[in-house]
Structure formats: structure tokens, C-alpha cells
Amino acid sequence: MIKNYQRRIENKLIMPALQFMNREKSSGIILAIAVIIALILANSPIHEEYASLLEYHFGFIVNGKPFLNFSVEHWINDGLMSLFFFMVGLELKHEFIGGELKDIKKVTMPIVAAVFGMLVPALIYTAFNFGTDVYHGWGIPMATDIAFALAVLYLLGDRIPLSAKVFLTTLAIVDDLGSVLVIALFYTSEISFLSLGVGLLFLLVMFIGNKMGIKNVWFYGIVGLGGVWVAFLMSGIHATISAVLAAMMIPADSQIAEPALAARLRKQLKRFEQTDGNNVVTLEPEQVKILSRMRTDSENAIPPSQRLEHGLQPFVAFVIIPVFALANAGVSFLNMDGSILFSNHVALGVMFGLLVGKPLGIVLAVWLTEKLGLGKRSRNMTWQRIIGIGFLASIGFTMSMFITMLAFNDPTQHIQAKVGIFAASILGGVMGYAILKKN
């Protein structure tokens, strides 16, 4: 009876939950739910408690002075989001080693599309806000939210060919790289070169460890978090950049090569089959020993970078990004004067930058790439599909909100930018879905 009950729980709860988490679109759905909850909290009777929680400070006291003492919102944006950027770094590294970006010539078109899809939105925002005190928000409409965009694309199922999915994925990967560079180069505060030097020294330790063949992920975790991240946080360069740089130092080769692993597993499996078993549910000590060796060999055959990426992916997708949305998507419309939204052109610049600039830049890039003979569309990549993908790329949610927090200190400007992001992301998602569905 107990076994039947356990099997029922597994079939009804555990397996559906695992299947949901393994779907490409699931993280986008969870993110959307977190956004809705944040908006409800910010416009509910407990909106003051919600805001106070985000402003609550905690940290450490060293020699009577506060050290790493930040608000909850700051810890989320600079702490938790560093894990998000760490995973972005791991993904970028794998793409350059053996993924979409390994052969640049084969992916010229989506790379150029990503670049134009960042430049045109920035130019549109600048056109709206040139010469004003909010011009430095030009980086906000440059980003594409890969989780949301792919979630909408995968909702279309078999209507969308694999080539379109690869195009959007490659575009979003390059977009992530571009966003990291923009944050590193243009959205940093005053730099403490002493702290920066310490951080680079710890990066050098990680690099040397990699070259010496150290595969222990704890070594890289301790040096990366306790050294690189803290030093960059104190230097003025945004701490998330340290996460990307640290990810690049993680070994991407394994302790056991694939042929050696296959030979070892065959040998151990043969020994397991030859070992005398018993007539009870437990295994013999020798069988347990053999299985433990097989597990150890299998783990050692996975490169540390891929092991970390595989382990972090569910936590980042289903915890960190939703928590970030809960902390940053809560725009309060209570007692808001509508004129605030149009006291400058932040909202319009962001909205038109994303909604017009993204598809315009991507379509222009594809057209130019073909005209110059640098790339060629596949038969399935019709102009209608290119335009639809362009609108999906205008979903700039997570990264756009993140850059908003770096670009502006004024809460009013935060609200203006977020309204522009919401409007463009919703309209872009709906329009992209509708265009692609008709194809």
C-alpha cells in the first residue's frame, strides 16, 4: 500500500514537475508569473511593506564598520544575479568551444542581426533623449530576454522550423555577450584600481589552476566567490562582470576522455554482471563498490564547466530570475500622476527602441548580409519569419530591467523605463507570435 502511494505521488507530482522544468518554455512561464505577482504586490494594500522589505539592509560589521552592507534589492541585483551572469559566461564559453559560435562564418547572419538589433534600438532611444540628463539609458532597449523569447517561440511548436529556433538562439547568445560588454564598459561607477587589481589577481589564480589541471569545482567556487566577486564588488566595476570572467576560467575539459570512459564502463559493467547477487532488494558490497566506481568515472567524464552549468540551470531559471523579477518588476500605479510617465522621453525611448528598433535592426541586418554576400537565408527563413523573430527579440525583460537599475538612480526614471519595457515586451511578444503563427 505504501509503495502504491509513493508511486502515485511520483506519477502525479514529481514526474510532471520534472517534465515541466525540462521544457524550454517553462522558465519563461515562471518568469511571467513572478512579474504578475510583483505588480500585484506593488499595487496592493501591503505595497509599503513590499517596498520596505526590498530596502532592508544587512551585511557584516568589521572593526565597527559596515562591510558588504547592502539592501535586499542590492543583494539580489549584485549577488544572486551574479549567478545568472556566471551561467551566461559558461554558456558563452561552450558556444565558442563547440556550439553555435564555434564557426563564425556559419552564423554570420544571426551575429550581424544581433549587432544591428542592439545598435538600432540604442540609436532610437538616443534620438528621443539626446542632450537630456536621461540619455545614458540608451543601453536599456538593446537587450533580448532569451527565456521569454524562446518560450513564445516554443509555444508555436512544429509551426516553426529548426532553422528559425537556431537563428533566434544564436542571436540571443550574441545579444547576451553584447549586453555584458555594454555593462562592463559603460555602466560602472568610479573604479578602485586596488580592488580591481586584487580581483584580477584572483582571476589569474583560477587561470593557473585551470592550466595545472585542477578540476575541483570547490576550488573555483571559493576563489571565484570569495576573491574575484568580492574584489570586483568593491572596485566599482559591476560584480556581475566578475561572474562572467570567472566562468571563462572554469576548465572545459574532463578528467576522463570519452573512449576511456566507455572502456571503463564496459569493464565495470562486465564485473557487475559476473558478481554474485542475492535474493533481497539490497545489493552486495562488491556490487555497490562497482556502481560507485561507475558513478565516479561518469562524473569525472563531465567537464567542470558543464557540470556547473547543468547544476545551476534549474536554480537560475526557477529561483534567481523569478526572485529578480519579484524585486524589480513591482511598478506601483497607486496615486501615480500620468504626467510622470511623459515628463521626459524615457518610456517612449525604451518602448520604441525595443518595439521598433529590434525588428528594424534585425531585418536590416539580414537584408544587408545577403546583399553583401556574407550570408544566405535557408529556404525556411522567409521574410515573414525574420520579422516575427525580430518582434520576439523586442522582449527585453530581464536584461533591460537589470540595465535600468544601473543606468538610473531616480525611482521615477526606473518606473518610466519599466513601463516602456513592459509595453514593448508584451506588444512584441503578441505581434511576434501572431506573425509567426500565420506563416
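**Burial and overall form of a predicted model**

Buried residues account for 46% of the 439 residues in the protein; buried means under 20% relative accessible area, exposed over 50% and partly exposed in between, with a 1.4 Å probe and protein chains only. The model is predicted: local features need pLDDT of at least 70, side-chain atom pairs count only at pLDDT 80 or more, and totals for chains, interfaces and linings use all residues. Residues are numbered from 1 along each chain as its sequence is written, and side-chain values use heavy atoms, with hydrogens and water left out.

The protein contains 17 helices and two strands. These are DSSP runs, numbered from the N terminus: helices are H or I of at least four residues, and strands are E of at least two. The radius of gyration is 24 Å, close to the 22 Å that the globule rule gives for 439 residues, so the protein is as compact as a globular protein of that length. This radius is taken over C-alpha atoms, and the globule rule is 2.2 Å times the number of residues to the power 0.38. Along the principal axes, the C-alpha atoms fill a box of roughly 80 × 65 × 55 Å.

The domain assignment, automatic or from a database, gives two entries. Domain 1 covers 25-188 + 238-253 + 303-438, and domain 2 covers 258-301. Their centres, taken over C-alpha atoms, are separated by 45 Å.

Helix α16 spans residues 397-407 and is mostly covered. Of its 11 residues, 10 are buried, including F397, M401 and F402. A407 is also found in α16. It counts as buried because its relative accessibility is 8%. Beyond its neighbours within four places in sequence, A407 is in contact with H136, G137, I140 and Y187.

W138 lies in the loop between α5 (108-129) and α6 (146-155). Its relative accessible area is 19%, so W138 is buried. Not counting residues up to four places away in sequence, W138 touches A122, Y125, T126, V182, F186 and Y187. W138 and I124 are 14 residues apart in sequence, and their C-alpha atoms are 8.4 Å apart in space.

Note on methods:
Contact means heavy atoms within 4.5 Å.
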